[in-house]
Amino acid sequence: MIVDWEAEFQRTIDADSRIEPRDHMPESYRATLIRQIAQHAHSEIIGMQPEGNWITRAPSLKRKAILMAKVQDEAGHGLYLYSAAETLGVSRDQLIELLHTGRQKYSSIFNYPTLTWADIGAVGWLVDGAAICNQVPLCRCSYGPYARGMVRICKEESFHQRQGFEILRVLSAGTAAQHAMAQDAVDRWWWPAIMMFGPTDDESTHSQQSMTWGIKRFSNDELRQRFIDMTVPQADALDLTLPDPALRWNDERGHYDFGPIDWAEFWQVVNGDGPCNRQRLAQRVAAHVEGAWVRDAATAYAAKRADPGAGQAGSSTAAA
Ligand SMILES: [Fe+2]
Ligand SMILES: [Fe+2]
């Protein structure tokens, strides 16, 4: 039987069903997903650096345990996403190589430094908060493995957002110095978080096609507005001020208005000239090189488990 796979692909998209790895798909759909999922995976693992920076200096054992769990979650997100990308016919080694040579990007937000403990609160509250707005619609993405991976990731992200909020709540209600530290962190992270939604709709190159394919469900500007509307009341609850004098409720629109975004800064960081771009990439490459023995050991162990008869007699049962 001859199946018109292009029509079949379109029928699946139109019916809001899922495309699976075994299905035929247009090469441009595959390439778009590889680029997006890889960029997402890279962001998860690069994002471990600004927060990992505070693990040894977290103010209590409890805070340290929570932060370690959060950073490990991000590693797990990277793992799910690299695996989802691999179902599209690209290998994890290839993707890591593209990241390390600067040919694939990660979210620019992670090119900003975490200067104080309050930054860990601001990152959780604002960066994970913005990530949730971006990612919840991806649970309905037309590509099955990506959509299913996002369900679990979003649950963990919402825990991250709350732990960030809670760090800031404690600091904000603490001493004058602690309150000032919380305010300073929010002052530095607010605009970069707003920029996480990417360029405005008229400047966004891939958006329209991604919407047609059911990869993207809402435009950059819609998601940005949703994040702002969600976050302003939370800032009030925290007794912290968002650094935008133009921020006010607009009854007519039913949304908060906000001030102009500094797109020059956005493009500067995207194009490699943010405060930490070089440091982040250098650290990632170094971690990969230093971790070679772990990968070798894991591969050897997996081979031993797959074939217990090989190698030294008797050792395989002990290892299992
Ligand atoms: Fe994550
Ligand atoms: Fe997160």
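Which residues do ring pairs link into a cluster? Ring pairs join Phe-9, Tyr-29 and Trp-213 in this way. Here rings of Phe, Tyr and Trp (its six-membered ring) pair if their centres lie within 6.5 Å; planes under 30 degrees apart count as stacked, over 60 as edge-to-face and the rest as tilted.

The model is predicted: local features need pLDDT of at least 70, side-chain atom pairs count only at pLDDT 80 or more, and totals for chains, interfaces and linings use all residues. Residues are numbered from 1 along each chain as its sequence is written, chains are lettered from A and ligands numbered from 1 in the order in which they are written, and side-chain values use heavy atoms, with hydrogens and water left out.

**Exercise 1. Describe the site of the iron ion (ligand 1).**

Step 1. Identify the donors, which are N, O and S atoms within 2.8 Å of the metal (3.2 Å for Na, K and Ca); water is not among the atoms, so sites may look incomplete. Glu-44 (OE), Glu-74 (OE), His-77 (ND1) and Glu-157 (OE) coordinate the iron ion (ligand 1) at 2.0 to 2.2 Å.

Step 2. Read the sequence spacing. The donor residues of the iron ion (ligand 1) follow the pattern E-x29-E-x2-H-x79-E.

Step 3. Assign the geometry. Four donors count as tetrahedral if all angles lie between 85 and 135 degrees; four count as square planar and six as octahedral if opposite donors are over 155 degrees apart and all others between 65 and 115; anything else is irregular. The 4 donor atoms of the iron ion (ligand 1) make angles of 85 to 139°, and the site is irregular.

Step 4. Glu-44 in helix H2 (residues 27–46) and Glu-157 in helix H7 are 113 residues apart, a pair that links distant parts of the chain.

Step 5. Check accessibility: buried means under 20% relative accessible area, exposed over 50%, partly exposed in between (1.4 Å probe, protein chains only). Glu-44 is buried at 6%, and Glu-157 is buried at 2%.

**Exercise 2. Describe the site of the iron ion (ligand 2) and state which residue bridges the two ions.**

Step 1. The iron ion (ligand 2) is coordinated at 1.9 to 2.2 Å by Glu-74 (OE), Asp-128 (OD), Glu-157 (OE) and His-160 (ND1).

Step 2. Angles among the 4 donor atoms of the iron ion (ligand 2) run from 84 to 154°, and this site is irregular.

Step 3. The spacing of the donor residues of the iron ion (ligand 2) is E-x53-D-x28-E-x2-H. Asp-128 belongs to helix H6 (residues 117–135) and His-160 to helix H7 (residues 144–172), so the pair ties together parts that are 32 residues apart in sequence. Both Asp-128 and His-160 are buried.

Step 4. Glu-74 is the bridge between the iron ion (ligand 1) and the iron ion (ligand 2), which lie 3.4 Å apart.

**Exercise 3. Classify the ring pair of Trp-54 with Trp-117 and that of Phe-266 with Trp-267.**

Step 1. Begin with the whole structure, in which a search finds 10 aromatic pairs.

Step 2. The ring centres of Trp-54 and Trp-117 are 6.4 Å apart and the planes stand at 65°, so this pair is edge-to-face. Trp-54 lies in the loop between helix H3 (48–52) and H4, and Trp-117 in helix H6, 63 residues apart. Trp-54 is buried at 9% relative accessibility, and Trp-117 is buried at 9%.

Step 3. For Phe-266 and Trp-267 the centres are 4.8 Å apart and the planes at 80°, so this pair is edge-to-face. Phe-266 is buried at 9%, whereas Trp-267 is partly exposed at 36%.

**Exercise 4. Examine the backbone at Asp-16 and Asp-239.**

Step 1. Most residues other than glycine have a negative phi.

Step 2. Asp-16 has a positive phi, near 60°. Asp-16 sits in the loop between helix H1 (5–14) and H2 and is partly exposed, with 40% relative accessibility.

Step 3. Asp-239 has a positive phi of about 60°. Asp-239 is in the loop between helix H10 (220–238) and strand S1 (248–250) and is exposed at 55%.

Methods. Helix = DSSP H or I, 4+ residues; strand = E, 2+ residues; numbered from the N terminus.
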